[in-house]
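Please look at the sequence and the 3D structure shown here, and keep both in view while reading the report that follows.

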Amino acid sequence: MGAAARQVTFNVPPLTFNRDDALRYTGLAPKLFGQLETAGSIKGMRIGRNGEVVFLREQLDAVTANLFGGSNSDIDDEFEGLSG
């Protein structure tokens, strides 16, 4: 018998997500996610043999930050100039 399969865990999120994973990653409600797709704010691409639609992490981050009035900035920028 062969060795048991091992699960691989990455320390960074993947570059792309399928729809279910994109919903979990962003925390957005499916209805809002669908509205953002219809408006063209979020665009999925069909890739792979089965043509699964995937969404870019970078685009999901930007749309989510925009929804909450934030920006995609480095945490260090938030504390720049504050020294004791």
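Contact here means heavy atoms within 4.5 Å. Leaving aside neighbours within four places in sequence, Leu23 is in contact with Leu28, Ala29, Pro30 and Phe33. This is a predicted model, in which local features need pLDDT of at least 70 and side-chain atom pairs count only at pLDDT 80 or more, while totals for chains, interfaces and linings use all residues. Residues are numbered from 1 along each chain as its sequence is written, and side-chain values use heavy atoms, with hydrogens and water left out.

The helices are DSSP runs (H or I, at least four residues), numbered from the N terminus.

| Helix | Residues |
|---|---|
| H1 | 19–26 |
| H2 | 30–39 |
| H3 | 57–67 |

Helices H1 and H2 pack with their axes, which are lines fitted to C-alpha atoms over the stretch in contact, 11 Å apart and at an angle of about 110°. H1 is therefore roughly perpendicular to H2, a term that covers angles of 65 to 115 degrees. Arg19, Ala22 and Leu23 of H1 make this contact with Pro30, Phe33, Gly34 and Glu37 of H2.

Apart from neighbours within four places in sequence, Thr64 is in contact with Thr26 and Leu28.

Note on methods
Axes are lines fitted to C-alpha atoms, for helices over the stretch in contact, and angles run from 0 to 180 degrees between N-to-C directions. Helices (H or I, at least four residues) and strands (E, at least two) are DSSP runs, numbered from the N terminus. Angles under 35 degrees count as roughly parallel, over 145 as roughly antiparallel, 65 to 115 as roughly perpendicular and the rest as oblique.
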